[in-house]
Amino acid sequence: MRIRDTRVASFGAVFGREPAVVASAPGRVNLIGEHTDYNDGFVLPFAIPQRTRVQLAGRDDDVVRLATSREPGLVQLRLGELEPRATTSWSSYPAGVLWALAEAGHPVRGVDLLVDGDVPAGAGLSSSAALETATALALDQLWQLGLDRVELARLARAAENRFVGIPCGIMDQMAALLCAAGHALLLDTRSLTHRQLPLDLTEAGLTVLVVDSGVRHELRSSEYGLRLASCRRAAAKLGLDALRDLDEASLTAALDRLTDPVDQRRVRHVVTENARVLAVADRLEAGQLRAIGPLLTSSHESLRDDYQVACPELDTAVDSAVAAGALGARLTGAGFGGSAIALVEQSNAEAVAAAVRSGFAAAGFGSPWIYPVVASAGAAVER
Ligand code: GLA
């Protein structure tokens with residue numbers, strides 16, 4: 001891999017021609033259903049307005065040139081040199097999608113590709129899935145592969161798991177590709193069946209605030225892998241394919257059969273979280289948006305106490321928001337830093353944001369970045 005210094009301005013300025021395809025994909029917040037996707041469980045994410053855009057043009061050779069507006073430089077490599085886990089830089093995500101397509105037997109050629117957009121990186125809002133899925137959708141369009149969105153999500157996840165080397169579930173890739181404006185996506189991560197549930201926050205006089213804690217934990221992927229291993233171990237011990245197969249009625253008996261107290265906590269989180277997702281889904285379907293608040297806060301408590309993926313900044317965000325009248329609040333995404341969300345009355349949004357800022361200041365944390373989001377559109381081919 002060679003790296004050349006080039007200030008990125010536009011596709012034309014970098015590559016000396018026009019892009020053949022432009023596609024974009026959103027970041028997401030997960031309304032509820034955390035650390036359930038790699039247990040074959042339920043999740044309920046929605047797309048946020050921030051998007052990653054991929055512009056590309058095909059080549060007749062096997063050269064791949066990758067550029068991003070966020071960093072100077074051009075990454076150049078050959079298809080035959082695509083090597084899993086060689087790097088975890090931004091370029092490994094689009095490179096991983098090319099690799100995953102080739103692995104799946106699709107005809108892959110060289111491309112010139114430019115990334116830009118405004119999904120914050122490292123904030124727990126799935127900037128990597130946005131990049132992978134925008135790339136996958138753009139390549140599908142360029143080469144007319146005719147892949148459906150579920151297939152694209154699987155390929156994008158394979159890129160992240162096997163090429164980049166991050167053991168994520170499939171929630172984020174499915175969210176980026178399948179979410180719809182004004183809706184949350186109820187996804188069964190076992191069957192990959194999904195349903196759009198109405199989430200018109202604006203009409204209900206509500207908003208979701210994202211509180212970006214500013215904490216970027218390197219620990220994240222190793223701690224994530226430990227949680228995943230714990231869940232697999234517990235499922236095997238209970239003779240189950242996945243923790244999804246356990247419900248609240250059989251939870252106490254199952255916990256008695258597990259001797260490891262850490263595994264017991266992890267299992268309790270996953271089982272109760274799956275039940276909370278379905279309870280939130282019922283309320284959304286009944287149009288009772290305000291009624292989901294307490295379930296969001298219970299989810300945070302379970303992630304904090306049983307799954308142990310919160311951190312003082314995320315706890316402060318949730319506690320201050322709830323104390324200032326938020327209907328509910330929780331960390332979103334993998335945890336260990338990144339962002340929390342708070343469901344608030346529009347009329348109270350400023351007061352909640354101010355309370356969270358004061359909470360951070362009182363605890364001696366750096367100032368969080370707080371902004372409202374609404375349920376936005378999924379990935380799209382723009383040109
Ligand atoms: C990350 C992963 C997802 C999911 C969440 C936790 O975002 O990419 O697959 O496991 O963490 O719910």
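**Helix contacts and aromatic rings in a predicted model**

Serine 230 has its place in helix 6 (residues 220-237). Helices here are DSSP runs of H or I with at least four residues, numbered from the N terminus. This is a predicted model, where local features need pLDDT of at least 70 and side-chain atom pairs count only at pLDDT 80 or more, while totals for chains, interfaces and linings use all residues. Residues are numbered from 1 along each chain as its sequence is written, and side-chain values use heavy atoms, with hydrogens and water left out.

Back to serine 230: with a relative accessibility of 2%, it counts as buried. Buried means under 20% relative accessible area, exposed means over 50%, and partly exposed is in between (1.4 Å probe, protein chains only). Setting aside neighbours within four places in sequence, serine 230 is in contact with Asp263 and Arg266, where contact means heavy atoms within 4.5 Å. Arg266 turns up again, as the charged end of arginine 266 sits over the ring of tyrosine 307, 5.9 Å from the ring's centre. For "over a ring", NZ of Lys or CZ of Arg has to be within 6 Å of the ring centre and within 35 degrees of the ring normal.

The axes of helix 2 (residues 92-103) and helix 4 (residues 149-164) come within 8 Å and cross at roughly 110°. Axes are lines fitted to C-alpha atoms, for helices over the stretch in contact, and angles run from 0 to 180 degrees between N-to-C directions. Helix 2 and helix 4 are therefore roughly perpendicular to each other, a label for angles of 65 to 115 degrees (under 35 is roughly parallel, over 145 roughly antiparallel, and the rest oblique).

Now for the aromatic rings. The structure holds 5 aromatic pairs; rings of Phe, Tyr and Trp (its six-membered ring) pair if their centres lie within 6.5 Å, and planes under 30 degrees apart are stacked, over 60 edge-to-face, and the rest tilted. One of the pairs, tryptophan 99 with phenylalanine 163, is tilted, at 5.6 Å centre to centre and 45° between the planes. This pair links distant parts of the chain, with tryptophan 99 in helix 2 and phenylalanine 163 in helix 4, 64 residues apart. Tryptophan 99 is buried at 11% relative accessible area, and phenylalanine 163 is buried at 4%.

Phenylalanine 360 and phenylalanine 365 form an edge-to-face pair, 5.6 Å centre to centre with 75° between the planes. Phenylalanine 360 is buried at 0%, whereas phenylalanine 365 is partly exposed at 23%.

Conventions: Helices (H or I, at least four residues) and strands (E, at least two) are DSSP runs, numbered from the N terminus.
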